[in-house]
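Notebook open, structure loaded. Here is what I looked up, entry by entry.

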Amino acid sequence: MTDIPFPDPQVFDPEAVDPETAKFNKKIEQLLATMPPTHKRTPQKIREERESGRSWLGPIKRLDEAQDRVVQGRNGDVPIRVFVPDQVKGVYLHIHGGGFVLMRAYYFDEALAEIANKCHVAVVSVDYRLAPEDPYPAAPDDCETVAVWLAEKARSEFGSERLIIGGESAGGNLSVVTLIRMRDRHGFSGFSGANLVYGCYDATMTPSQRNWGERNLILSTPTIAWFNDHYVPMGKRGDPDVSPLYADLSNMPPALFTVGTLDPLLDDSLFMHARWVAAGNESELAVYPGGIHVFNLFPIKIAQEANDRTHDFIAKAAT
């Protein structure tokens, strides 16, 4: 009998939550309680507020060093956001989060520039089409288009064939779906790492998603359902191309799964890590006490710890 690597049970103990994290979570919960929840608003209004800088997240910081390019595909051009550091050891295909409905690639400029410079990788972030205007399969189709382009052009474009993939939340889902499509549709399994950050891998909803309730720490059960309703019909949600938890996961690259204990998507990472290992792949699971959804984007200690570990993982995969 072989033990599957799993986190120390103590990480799930409420006493393990650092006081700084607990204080930050309380502040976020109190702030969001003063606003209409996401699932009671329209995607268009939320996007307009974010673009204008009037959302609680503040103004978007768009960096001049990024390049806006397009990749031609059978379904039309796919915009990408590109960062190229002075030294390139690999290429990181990034797929942003936002529930398949919100966010754009350039919202993540600061984080992606940091990855490019610290990990010595060219970063290519997919500005995929969003639901409900472009529901499934638009988003995975766009990600597949860019992945195919990189498989063919990474060396000529960036000087390296070493490919890593990753993303946050919906981007974690799309990263795994892209890996599976590249393996099954294109016979390509050349990615050397998968950085999967609090991904949503089951649109039929894992127990942690279903049981979370209405407590609003960025995500809640009704908000997750709102995202799913915009993205994909109910009858398609168990399809492995939508919910990769149910896919054949053989011949996947080494993965790092990152999630916090106060994330409604906790089970998604726990379950997917176990399935990744059971399919014969290498996998690391990093669980952060008290981490809420998107915790790594905020100025707290566990965010720095998580980001340092993901940077180390990407840098190692690029060598």
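Helices (H or I, at least four residues) and strands (E, at least two) are DSSP runs, numbered from the N terminus. I am working with a predicted model, where local features need pLDDT of at least 70, side-chain atom pairs count only at pLDDT 80 or more, and totals for chains, interfaces and linings use all residues. Numbering starts from 1 along each chain as its sequence is written, and side-chain values use heavy atoms, with hydrogens and water left out.

**Entry: Glu282.** I found Glu282 in the loop between helix H8 (266-278) and strand S8 (283-292). It counts as exposed because its relative accessibility is 58% (buried is under 20% relative accessible area, exposed over 50%, partly exposed in between; 1.4 Å probe, protein chains only). Skipping residues up to four places away in sequence, Glu282 touches Pro253, Pro254, Ala255 and Trp276; contact means heavy atoms within 4.5 Å. I also checked Glu282 against Arg185: they are 97 residues apart along the chain, and their C-alpha atoms are separated by 23 Å.

**Entry: H4 against H5.** Helix H4 (residues 138-158) and helix H5 (residues 170-186) pack at about 60°, axes 9 Å apart. Axes here are lines fitted to C-alpha atoms, for helices over the stretch in contact, and angles run from 0 to 180 degrees between N-to-C directions. The two helices are therefore oblique to each other (under 35 degrees is roughly parallel, over 145 roughly antiparallel, 65 to 115 roughly perpendicular, the rest oblique).

**Entry: Ser175.** Which helix holds Ser175? Ser175 lies in H5, and it is buried, with a relative accessible area of 0%. Beyond its neighbours within four places in sequence, Ser175 is in contact with Ile95, Ile165, Gly166, Gly167 and Leu196.

Entry: Most residues other than glycine have a negative phi, and most peptide bonds are trans. I noted the exceptions below.

- The Ala131 to Pro132 peptide bond is cis, omega near 5°.
- Tyr136 to Pro137 is cis as well, with omega near 15°.
- Pro132 sits in the loop between strand S4 (121-126) and H4, and Pro137 is in the loop between S4 and H4 too.
- Ile218 is not a glycine, yet its phi is positive, about 80°; at 19% relative accessibility it counts as buried.
- Asn251 has a positive phi near 60°, in the loop between H7 and strand S7 (255-262).
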